[in-house]
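These are my notebook entries on one protein chain.

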Amino acid sequence: AMLSETITNLKVPPIVIVWLIIAIYMVLGTAMEEASMMLLTIPIFTPIVANLGLDKIWFGVIVVRMMQIAMISPPVGITLFVIKGITKDVPMSTIYKGVTPFIVADALHVVLIVFVPWVVMVLPGLMK
């Protein structure tokens with residue numbers, strides 16, 4: 001609660017804090033798997049997002065997308081090791097090169113979600 005209040009009281013726009021959270025997920029994703037990241041970050045970040053007045057569904061979609069990017073991001077993206085286990089004769093460097101376009105596409109998708117929240121919120125908005 002204290003961390004949430006401290007971050008909420010910073011004199012920066014909420015979008016800066018969202019990008020900081022995204023950067024944290026990128027760093028964590030290079031060394032952790034999804035469940036660990038969720039258990040570690042959701043209890044901390046959700047109150048911050050709520051105090052900033054941002055939509056929690058929108059933030060949840062961002063978190064899920066960031067975790068998916070983490071699953072394919074080198075050096076320890078778990079999906080990369082699954083691919084390596086299936087294709088034993090393909091070197092890891094080739095697998096890293098192969099996932100690069102997907103990481104770029106996913107990153108562009110996150111940028112779209114952050115700057116155009118309507119993309120995420122149109123269906124939940126229809127349910128009201």
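**Entry 1: fold.** I counted 7 helices and 0 strands in the protein chain; helices (H or I, at least four residues) and strands (E, at least two) are DSSP runs, numbered from the N terminus. Along the sequence I read the pattern α-α-α-α-α-α-α. I noted that the C-alpha trace spans about 50 × 35 × 25 Å along its principal axes.

**Entry 2: basis and confidence.** I am working with a predicted model, in which local features need pLDDT of at least 70 and side-chain atom pairs count only at pLDDT 80 or more, whereas totals for chains, interfaces and linings use all residues. Residues are numbered from 1 along each chain as its sequence is written, and side-chain values use heavy atoms, with hydrogens and water left out. The chain averages a pLDDT (the predictor's confidence in each residue, from 0 to 100) of 89, and 100% of the residues score at least 70.

Entry 3: Of the 128 residues, 30% are buried; buried means under 20% relative accessible area, exposed over 50% and partly exposed in between, with a 1.4 Å probe and protein chains only. Not counting residues up to four places away in sequence, Met66 touches Ile22, Tyr25, Met26 and Val110; contact means heavy atoms within 4.5 Å. Among contacts between residues at least 6 apart in sequence, 64% join residues at least 24 apart.

**Entry 4: surface.** The chain exposes about 7,800 Å², of which carbon and sulfur atoms supply 76%; the areas come from the Shrake-Rupley method with a 1.4 Å probe, and for residues only the protein chains shown count as cover. I recorded a nonpolar patch formed by Leu10, Val12, Ile15, Val16, Val111, Leu112, Phe115, Val116, Trp118 and Val119, with about 840 Å² of accessible area together. Patches are made of residues with over 30% relative accessible area and no salt bridge, like charges being joined within 9 Å and nonpolar side chains (Val, Leu, Ile, Met, Phe, Trp, Tyr) within 5 Å. Helix 6 gives the most to the patch, 3 residues. Val12 sits in the loop between helix 1 (2-8) and helix 2 and counts as partly exposed because its relative accessibility is 37%. Trp118 belongs to helix 7 and, at 61%, counts as exposed.

**Entry 5: charged pair.** How many salt bridges does the count come to? I found 1 salt bridge, defined as a side-chain nitrogen of Lys or Arg within 4 Å of a carboxyl oxygen of Asp or Glu. Asp106 forms it with Arg65, the closest N and O atoms being 2.6 Å apart. The pair links distant parts of the chain, Asp106 in helix 6 and Arg65 in helix 4, 41 residues apart. Both Asp106 and Arg65 are buried; Asp106 counts as such because its relative accessibility is 16%. Leaving aside neighbours within four places in sequence, I list Arg65, Ile69 and Ile72 as the contacts of Asp106.
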